[in-house]
Amino acid sequence: MTPTPKQIHARRLADTVIRNLEKRRMVGYYCESAAEAVDKILSLMPEGSSIGWGGSMTLTEVGLMDALRANADKYNLFVREDAKTPEEAREVFAKILSCGYFLMSANAITVDGELVNIDGRCNRVSYLCYGPENVIVVAGINKVVADVDSALARIRTVAAPTNAVRLNRKTPCAVSGKCENCLSPDCICAQTVITRLSLTPNRIKVILVGEDLGY
């Protein structure tokens, strides 16, 4: 089947991002479809690996969560959703800190290869910055933006307000649809992390998918 102009553009854009990730000591891959992305991610994690993940609609939409559950006997999964008490949740978070693979998405990725994330409790970005031996970032091509300013604008007008609605947070952005720079106790925008370089070469692996995924 002849690729569409949209598919050709996605591939060329991804190739540019991947080249720029490499100069920042990260590894990039491009997958045309969600199914191809799941196969690629599983191929990167040997059987017996310990795996944790952050909250992410992308990981669910791409089908990775279903794939991990179907292959639970092959991995050591640290499932934070199974924690029944705050104490159990802390134990899971502590285990994830030293796991082999941490899975997450990014709020935005610049064409120049920078990862831009804004978090509330920040367990997701903390593992991106330090801890797990490998971090696999999965993102739809819709999250690629021109630069850091565009990334922050995308997060404040798309990702954060939508997630605030999903999580039933009582924040101004959940009502207005855009960031109001609030200091609400329900705020999910406590810290901004821009990953411009991986000091450990190839620790961060970015899977770009030629589909619109996540928020």
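How much space lies in the largest pocket? About 590 Å³ lies there. This is a predicted model, in which local features need pLDDT of at least 70 and side-chain atom pairs count only at pLDDT 80 or more, while totals for chains, interfaces and linings use all residues. Residues are numbered from 1 along each chain as its sequence is written, and side-chain values use heavy atoms, with hydrogens and water left out.

**The sheet**

Select the strands (DSSP runs of E, at least two residues). Next, select strand E2 (residues 50-53), which 2 bridges join to E3 in parallel. Here Ser50 stands opposite Asn76 in E3.

**The largest pocket**

Return to the pocket, an open set of points on a 1 Å grid over the protein atoms alone where a 1.4 Å probe fits, with protein on both sides within 12 Å along at least five of seven lines; lining residues have an atom within 4 Å of a point. Its volume is the space filled by probe spheres set on the points. Select Gly55, Asp119, Arg124, Arg166 and Leu167, the closest to its centre of the 28 lining residues. Then select helix H7 (148-166), a DSSP run of H or I of at least four residues. H7 gives the largest share of the lining, 5 residues.

Technical notes:
Pairing = 2+ DSSP bridges.
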